[in-house]
Amino acid sequence: MTSALTTYLDRLTAALASAQASDVADAHDPGDLVLPDRGISGSAEEDGDIPELSFLSGAREDHLGVAVCTIDGEITASGTGHAFPMQSISKAFAYGAAIDLHGAEYVESLVDEEPTGEEFNALSLDPYTKKPKNPLVNIGAIRTHAMLGTTREERTQRLRAVLDAAAGRPLAPHEVTWREELKSADRNYALAYMLRAAGSMTEDAIEVVDGYIEGCSVLTTVTDLAVMAATLASGGTNPLTGQEVFSRVAARQVLSVMLTCGMYDNAGDWVSDVGLPAKSGVGGGIIAGLPSRFGVASYAPQLDLHGNSVRGTLFFERLSADFALHMLDGVEPRELEECARELMDAGTHP
């Protein structure tokens, strides 16, 4: 028998298949988001575009997938299973790996944990400490990647091992995307050289950036990302394999920084509207986790001006409102299946 959560996700992905951001984003009363006649219609292409780089891995306008993985390892998914580069989502896992390798205090001595309000690729260093503001913008992620080993090979192997362990299966980079990104990596190289010029990094700038870009090109499905988000939400243990991927301290720190910095320069709106720790990537993916409960992921390749998935953002806004998931709501989270069944019975489903 089909679960109520499956039905909910199927209906929501169908409603979002032709979603237009302006039809939803202007709703100011959270109660409006659960009305059956609210409507999600129009065309997301009017509000977002697919980057040329995404077409290299087969992105299509009709791609839309969502998945939920509980910390008990139960997966519910709907939509496409297309594999796409995780891009900046890898930054969160590299950060966790650096913390477990060196300790949180050491990592914080080199990369801060403050929101920036700046674009993801800003030429940004604190003028006094010479540290990147946080590990989820490019300059901070490059510095974090450099911490993963003394050689390019060691850094690559450590990051790939963590990504594989978090997903519960071997992952691999999309070489065409990786090679193409290297051709236009001048800004990232500039960020790495800026770190060296400021005395904040001694590693070879070219090798660090090349390895960082390779990590961003790793292919994942939306289900992989839900499992990876659940790994963080569970305190660092993969719910499918039982493997401890991160220490509890590292997982908590990653989620903390995701909450304040994970959605680029739209992080403030995300916390207000969704209220879950999250990380997006320009490949079209978004992950989020509710600690001790579950991980959620979405994939839709059209991006808004912040570099976040248009339909993915709409999905999380609706999911958070329907299931009262906002961490600051003051409402105890309910079982997803039970809540979905009530939504179906009441007719307040998409």
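H4 and H12 cross in a right-handed way, meaning that the near helix is turned clockwise from the far one by less than a right angle. Ten names make up that contact, where contact means heavy atoms within 4.5 Å. From H4 come Ala 92, Tyr 95, Gly 96, Ile 99 and Asp 100. From H12 come Ala 250, Gln 253, Val 254, Val 257 and Met 258. The residues there split into seven nonpolar, two polar and one charged. Here Ala, Val, Leu, Ile, Met, Phe, Trp, Tyr, Cys and Pro count as nonpolar, Asp, Glu, Lys and Arg as charged, and the others, Gly among them, as polar.

A word on the source. This is a predicted model, with local features needing pLDDT of at least 70 and side-chain atom pairs pLDDT 80 or more, while totals for chains, interfaces and linings use all residues. Residues are numbered from 1 along each chain as its sequence is written, and side-chain values use heavy atoms, without hydrogens and water.

Back to the helices (DSSP runs of H or I, at least four residues, numbered from the N terminus). H4 spans residues 89-102 and H12 residues 248-261. Their axes, lines fitted to C-alpha atoms over the stretch in contact, come within 9 Å and cross at roughly 140°. Angles run from 0 to 180 degrees between N-to-C directions.

Now the second largest pocket. A pocket is an open set of points on a 1 Å grid, fitting a 1.4 Å probe, with protein on both sides within 12 Å along at least five of seven lines. This one holds about 340 Å³, the space filled by probe spheres set on the points. It has 17 lining residues, each with an atom within 4 Å of a point. Closest to its centre are Phe 120, Asn 138, Glu 181, Ser 184 and Asn 188. Which helix gives the most to the lining? H10, with three residues.

Note on methods. Helices (H or I, at least four residues) and strands (E, at least two) are DSSP runs, numbered from the N terminus.
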